[in-house]
Amino acid sequence: NKVESIKWKKEKVKKGIFVKRANVILFDSQQAIFLVEIDTARAKMQYFVGMPEYLEPTSTQAQAMDALVAINGSYFNMKEGPSVNFVKIDNKVVAQTDDSEFGTRATGVVTVSGNKVDIEEWNPELELAGAEKAAHALVSGPIIIDDDNEMEMWDNGFVTKRHPRSFIGFCNGKLLLGVVDGRDPGRAEGMNLHELRVLARGLGCTDLLNLDGGGSSTLYVRGYSDNGIVNVPSDGRERPVKSIIYMKNRNSK
């Protein structure tokens, strides 16, 4: 498998956390892939979902929360700002899913309960229950792999065309946050979601949830660069977004 033979540039962030980068030819195209791999048993982290009052770049949100690692979250109304998918923070539901999102994009959720991260399917019935066990939850999608099962995805341009992508998954027992850059011919063509699934399978993923992609795709690690951004956002600068998934050192308040 081409994915398994990728030679990653690997840098340690702290015990149990690594940044991995690769520029490779994959799917007959030039790809730039950026991952943060977290050994949840060793890394001593706390996990959160964040949503500011106004749209803010991922790095701004991450710095405000003193995050060590962050990735942009779910879909939002770019004109008016609100999240179009369910978000729960500190046991409080702060955003609901638009009906039009169910069945196309809002098919998965990342939850944090008792500081344990999980990725599961999502639907209107589960939304009514409000992810009751979770302190934090963020709905996104489509969910691509769940409990090692490959999930059905709609046959539309959102799935089948190449775009920058953000994702969260469990791969070889580790939590993976990833961005595939795109819209940059010759460096980063982006992936369709079937290609992203092939990449994830090659990385050993048993669960994979697609997050908001395109110009929103941003991976942050504190101190990694001037602004902490690991990838190259396709707008040429960070796009303000409505939500993030982030991690803090467990001992930091």
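Student: Does S243 count as buried or exposed, and at what relative accessibility?

Tutor: The model is predicted, so to speak of local features a pLDDT of at least 70 is needed, side-chain atom pairs count only at pLDDT 80 or more, and totals for chains, interfaces and linings use all residues. Residues are numbered from 1 along each chain as its sequence is written, and side-chain values use heavy atoms, with hydrogens and water left out. Buried means under 20% relative accessible area, exposed means over 50%, and partly exposed lies in between (1.4 Å probe, protein chains only). S243 therefore counts as buried, at a relative accessibility of 1%.

Student: Which residues have the most contacts inside the largest nonpolar core?

Tutor: A nonpolar core is a set of buried Ala, Val, Leu, Ile, Met, Phe, Trp, Tyr and Cys residues joined through side-chain atoms within 4.5 Å. The largest one here has 36 residues, and strand β3 (residues 29–38) gives the most to this core, with 4 residues. The residues with the most contacts inside the core are V36, I168 and M247.

Student: How many of the residues of strand β14 are buried?

Tutor: In a regular strand the side chains alternate between the two faces of the sheet. In β14, R165, F167, G169 and C171 on one side and S166, I168 and F170 on the other are all buried, which leaves both faces covered. Strand β14 (residues 165–171) is largely enclosed by the rest of the structure, because the number of its residues that are buried is 7 of the 7.

Student: With which strands does β14 pair in the antiparallel sense, and over how many bridges?

Tutor: Two strands pair if DSSP finds at least two bridges between them. With β15, β14 forms a hairpin that has 2 residues between the strands, and N172 in the turn has a positive phi of about 50 degrees. The antiparallel partners of β14 are strand β15 (residues 174–180), over 7 bridges, and strand β16 (residues 205–211), over 6 bridges.

Student: How many residues apart in sequence are the parts that the pair of F48 and Y246 ties together?

Tutor: Rings of Phe, Tyr and Trp (its six-membered ring) pair if their centres lie within 6.5 Å, and planes under 30 degrees apart count as stacked, over 60 as edge-to-face and the rest as tilted. F48 and Y246 form a stacked pair, 5.0 Å centre to centre with 15 degrees between the planes, and both residues are buried. F48 lies in strand β4 (residues 45–50) and Y246 in strand β19 (residues 244–249), so the pair ties together parts whose separation in sequence is 198 residues.

Student: What charged end sits over the ring of Y75?

Tutor: The rings of Y75 and F158 have centres 5.9 Å apart and planes at 70 degrees, so this pair is edge-to-face. A charge sits over a ring if NZ of Lys or CZ of Arg is within 6 Å of the ring centre and within 35 degrees of the ring normal. At 3.8 Å from the centre of the Y75 ring, the charged end is that of R105.

Student: With which side chain does the side chain of R162 make a polar contact?

Tutor: A polar contact is a pair of N or O atoms within 3.5 Å; within protein, one must be able to donate a hydrogen and the other to accept it, and residues adjacent in sequence count only if both atoms are side-chain atoms. R162 lies in the loop between α3 and β14, and the backbone oxygen of F27 lies 3.0 Å from a polar atom of the R162 side chain. The side-chain partner of R162, at 2.7 Å, is E195.
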